Every structure is written in C-alpha cells, then in structure tokens.
Amino acid sequence: MRLMPISMCQPGMKLSQSIYNEEGIVLLAENVELTQRLLNRLQVNGIDYLYIQDPLTEDLMVSEMLQPELKAKALSEIRQTFRNLMNDMDGNAKLPYYHLGKSFNGLMNSILDDLSSHNNAMVMLTNMCVTDQYLFQHSLNVCIYSTMLGLAYGYNREELQTLGLGALLHDIGKTKIPQEILKKPGRLSDLEYEEMKKHTIFGFQILKDEPNIPLLSAHCALQHHERWNGSGYPRNLEGKDIHEFAQWIGISDSYDALTSQRVYREAMLPHVAMEIILSDASKLYDITKVNLFRKKVAIYPIGITLKLSSGEVGVVADLNTDSPQRPIVRVLFDEYGQPVTQIYEVDLSKKLSVMVSEVNPQMA
C-alpha cells in the first residue's frame with residue numbers, strides 16, 4: 001500500500017484501507033475502485049490522504065494503536081457524552097448521567113491495556129482515513145498521544161490513568177461553546193476568540209465534581225492551553241506552575257490540531273507540524289518534553305512517498321524507533337526518475353549522507 005495525497009490519486013486506483021465516518025460505519029470499503037466522483041466526495045468530506053493498493057508495496061502494513069472495536073467504542077462514548085452536554089446548553093440538567101466518571105475510567109483502562117502492549121511504538125497519525133467531527137476524533141487522538149508519551153516518560157499505572165482521562169476529556173468544555181464559533185470557517189473575531197477561550201474553564205467546571213474523575217484530570221482541562229512563557233490562558237501560568245500532565249496534553253493537542261483537517265485549513269503533514277512545534281519549543285513548551293515528543297513521533301508515516309537527496313524516490317517501508325527522522329525507504333525510482341529494475345531499501349539511519357529532500361514528489 002501507498003499513502004497518497006488525494007490530489008494525486010487517480011480514477012482506477014483501489015483502496016487498501018476502508019474509509020469510515022464518525023459513527024464507525026464504512027463509507028468506502030477496502031478494494032473499492034476509485035472514480036473521480038468518489039474522489040471529489042471524499043475531498044469534500046475532509047479526507048486528505050488515501051491508502052492505495054500498489055503491488056510494489058503490498059506487504060507494507062500500518063498497525064493501529066488501538067484495536068478497531070475499542071476505537072469505535074471510545075469514539076461512541078465521546079460522541080454520546082459530548083452531544084448530551086451540547087444539548088444541555090442552559091446547564092439545567094447538571095449532568096444527570098453520573099456514569100461519566102465510571103464509563104470513562106473503564107474506557108481509559110482498556111486504552112491503557114492496548115497502548116501498554118506496544119509501548120515502544122512510535123506516535124503515528126490516527127485520523128488519515130476517517131471523516132469525523134473534529135472534536136470527537138481529536139479528543140481520542142490527544143489521549144493516545146499523551147498516554148504514549150506518559151508511557152515513554154515512565155509514569156505508573158495510576159498516573160497514566162489520570163493523565164489519559166485528562167487528555168480524553170481536555171476539550172469537554174467546548175460542548176458549551178456555540179456551534180457557530182466552533183465551526184466558523186475563518187478567523188475568529190476578538191470577541192469570538194475570548195468566548196472560545198472559556199472552554200478551559202467550562203471543562204474544569206464540568207469535571208471537578210464528577211465522581212470517579214480525579215481533580216487533577218479536571219485541572220488538565222483547565223490548563224492545557226497554558227504556555228511555558230506565560231502567554232497561554234486562562235490564567236497566564238508560567239513554567240512549572242503548569243502541571244506536567246497539562247504540559248504533555250498541550251503539546252499533543254497542538255500537534256493533533258496541526259495535523260488534522262480543519263474548517264479553515266488543510267491538515268499538515270507530520271514533519272511540517274513537528275517543525276512548527278520545535279520552532280516554538282523554548283517559548284511555549286518545556287524543551288525536555290518536546291525533545292521526548294520528537295523522539296516518539298513518526299514524522300514520515302509508513303507508505304508515504306519521499307524523494308531523497310540522492311535523487312531516488314521511494315516509499316517509507318519501516319520506522320527506526322531510535323531515529324524517527326530517518327526511516328527505511330523502499331526505492332521505486334532511480335536518480336534519473338526511471339523505475340528501478342529491482343526493488344531495494346535504503347536505511348537512512350545507516351546511510352547518513354542521504355537526506356529526505358521532498359515529500360510527495362509529483363513525479364511519483
């Protein structure tokens with residue numbers, strides 16, 4: 001399989017992974033042959049990339065961080081809870097569903113079990129082939145990223161549970177923000193931005209008294225937009241005054257926002273998002289946490305096409321966990337742009353003189 005921008009996909013190509021909607025229902029199944037009409041519809045629905053069948057890379061597989069059944073259950077639980085809160089904009093019910101703490105604790109336990117089974121894995125994009133309302137998928141993505149970082153950092157099970165819950169529910173306060181602001185397809189006005197910033201306070205208010213939700217998880221919702229230099233909100237906290245769990249979530253939240261399709265811009269590729277995170281590292285985040293994050297993120301996903309400084313063009317075949325910026329590339333075109341007569345692979349962690357020069361080159 002190859003991971004291709006939808007703008008480079010052609011009618012006649014076949015999907016190697018199914019496309020799902022926000023309810024977990026298959027929109028387009030694996031092996032479906034693409035038409036221009038289908039490509040147009042997918043693009044309208046916010047799909048930027050597709051996994052396409054390719055005989056030269058048919059053995060390449062992307063392992064899911066969560067089992068499909070658990071991922072579907074998690075998204076369903078997030079949707080149901082968040083929608084109930086959205087429908088109670090006046091706050092009259094004060095969460096009549098006291099299952100929130102119990103159900104999300106059980107869900108987080110299952111997520112921890114899944115992620116702990118391969119805790120040396122790289123952080124991979126989780127939303128390539130899903131059309132979803134951003135808030136729901138984003139909440140799960142940030143939970144996965146933050147928990148994986150917590151595992152790498154060495155937190156114990158109880159700490160990971162609290163961190164993961166805080167990450168899973170960090171944006172729950174957005175259920176109290178008007179939909180016309182949440183989904184505005186352009187820059188927010190100053191007044192709208194001030195209203196949006198209130199989601200951190202709303203989230204804390206929703207979670208702080210919930211049975212089975214640690215108070216620290218509620219503080220993650222409150223603090224995840226605080227920044228190292230004091231430029232964040234809602235309280236302009238600085239440095240270590242920001243709880244370290246909220247710091248992890250803040251980095252994960254920023255990364256997932258950059259790599260997700262939004263109503264006002266297209267998704268960025270991981271290596272571009274990473275450059276932005278790194279450029280702001282010393283000002284906005286704890287540099288030691290950003291350095292660990294950098295070591296754990298696969299900035300070149302398996303299946304994506306790269307052009308190397310040697311002129312060769314190939315597809316990422318595998319990752320190097322000790323050197324995520326230097327994957328193993330299966331070369332398909334030689335330095336003259338001609339298909340190779342025999343496929344071979346270049347391990348960039350061993351061939352240090354060769355660099356990645358371009359992602360998704362048009363010639364491939």
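**Close-up 1. N360, in the segment after strand 9 of the predicted model.** N360 lies in the segment that follows strand 9 (356-359), where strands, like helices, are DSSP runs numbered from the N terminus, a helix (H or I) having at least four residues and a strand (E) at least two. Most residues other than glycine have a negative phi, and most peptide bonds are trans. N360, although it is not a glycine, has a positive phi of about 55 degrees. With a relative accessible area of 11%, N360 is buried, a word that here stands for under 20% relative accessible area, while exposed stands for over 50% and partly exposed for what lies in between (1.4 Å probe, protein chains only). Residues are numbered from 1 along each chain as its sequence is written. Because the model is predicted, local features need pLDDT of at least 70 and side-chain atom pairs count only at pLDDT 80 or more, whereas totals for chains, interfaces and linings use all residues, and side-chain values use heavy atoms, with hydrogens and water left out.

**Close-up 2. The loop between helix 9 and helix 10.** P234 has its place in the loop between helix 9 (215-223) and helix 10 (244-258), and the peptide bond that leads from Y233 to P234 is cis, with omega near 15 degrees. N236 also lies in the loop between helix 9 and helix 10. Although N236 is not a glycine, its phi is positive, at about 55 degrees, and with a relative accessibility of 48% N236 counts as partly exposed.

Close-up 3. In soluble globular proteins, nonpolar side chains tend to be buried together. When neighbours within four places in sequence are left aside, L169 is in contact (heavy atoms within 4.5 Å) with F82, L100, F104, L207, I213 and A221.
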